[in-house]
Amino acid sequence: MTDKLTMVEAVNLALDHAMANDPDVVLLGEDIGVNGGVFRATAGLRDKYGLKRVMDTPLAETLIAGISVGMATQGIKPVAEIQFMGFIFPAMEQLICHAARMRNRTRGRLTCPLVVRAPYGGGIHAPEHHSESTEALFAHIPGLRVVIPSSPVRAYGLLRAAINEPDPVIFLEPKRIYRASKQVIKTDTLPLDTCFTLKTGHDITLVSWGASLRETLAAAKVLASHGISAEVIDVATIKPLDMATIVTSVKKTGRCVIVHEACRSFGVGAEIATGLMERAFTELRAPVVRVAGFDTTMPYYRMEDHYLPQVDDIVRASIKSLAW
């Protein structure tokens, strides 16, 4: 492709190409057909592929997840949309107790090639139940893969790869960067279960995922203006976690700052910090630092910027680490 696309356009293109290449791929969710989804991620696909492959559902997340699990075990490849991640909790019983366990429960006789897409995270001035970052809940569950793109290119490539997976994938799309930037989509699929090094450096490693990569990359530029070389890593697949790439980077730099907008306690950042202590302790020159959201409910829009990690927060944490 030569046209530059936003992330939401890249998601739409990935779904379009997957459906064109595989008649078993179907879409279902609330308002995804006639309206093209609340963020228009599925715009035009109902007209192109028909009602049997792009299905509007009732406002019932449990139903969406349950039907998707049934389809997936019988040879269909459903891509289900949960309108906002804050509405995903009724679907968790089906996803945790059935989708995640299907391969193990049947000793490999049945698999569950299901993708559950959900816009997630804060930054769009929505009510708190639209703005949560609860990726750690799903990352804790054996049998679920959790993927979070941070750019149009990775949204396209990772979603295409997720649809090809024989096991369930929770695909979380950071809605505050749905239309924040544009990129040319050159690749077909990108590898799951691996981190992407977006910028090389030798003084400190900055680790992040999703929308927080924007602030993390901006912080790296600020640090560079002060003569500090930061390596920036996009985790991309939260589960399974590619610790090897992170460990290799931290062994080189000796320092690490982890940035995420989810609550600080019991999050993916804590898992990464523990992994570094277990595998790179002797190479660390300073304690691992987390820059994260507060252990509170996401506030309303006037306080969103205070809650979400900002560039200055990342820069201060990095300088503090370097001063250790």
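A cavity is a set of points, on a 1 Å grid over the protein atoms alone, where a 1.4 Å probe fits but cannot get out, and a residue lines it if it has an atom within 4 Å of a point. The model is predicted, so local features need pLDDT of at least 70 and side-chain atom pairs count only at pLDDT 80 or more, while totals for chains, interfaces and linings use all residues. Residues are numbered from 1 along each chain as its sequence is written, and side-chain values use heavy atoms, with hydrogens and water left out.

The structure holds one cavity of 30 Å³ or more. The largest cavity has a volume of about 40 Å³, a volume being the space filled by probe spheres set on grid points that are joined across faces, edges and corners. Its lining consists of Tyr120, Glu135, Pro174, Trp209, Gly210, Ala211, Ser212, His260 and Glu261. By class, four of these are nonpolar, three polar and two charged (nonpolar: Ala, Val, Leu, Ile, Met, Phe, Trp, Tyr, Cys and Pro; charged: Asp, Glu, Lys and Arg; polar: the others, Gly among them).

A pocket is an open set of points with protein on both sides within 12 Å along at least five of seven lines. Two or more lining residues come from each of α6 (135–139) and β13 (256–263); helices (H or I, at least four residues) and strands (E, at least two) are DSSP runs numbered from the N terminus.

The second largest pocket has about 230 Å³ of space. Among its 13 lining residues, Ser150, Ser151, Arg154, Arg214 and Leu217 are the closest to the centre. Helices α7 (152–164) and α8 (212–225) each give two or more residues to this lining, with α8 giving the most, three.

A nonpolar core is a set of buried Ala, Val, Leu, Ile, Met, Phe, Trp, Tyr and Cys residues joined through side-chain atoms within 4.5 Å, where buried means under 20% relative accessible area with a 1.4 Å probe and protein chains only. The largest such core has 48 residues, and Leu95, Leu114, Phe138, Trp209, Ile246 and Ile272 have the most contacts inside it. Elements that supply at least two of its residues include α6, α9 (243–253), β13 and α10 (268–279). Beyond its neighbours within four places in sequence, Ile246 is in contact (heavy atoms within 4.5 Å) with Cys195, Val207, Ile233, Val235, Ile272 and Leu276. A second, separate core of 40 residues includes Met19, Tyr49, Tyr156 and Tyr178.

Key. Buried < 20%, exposed > 50% of the residue type's maximum accessible area, 1.4 Å probe, protein only.
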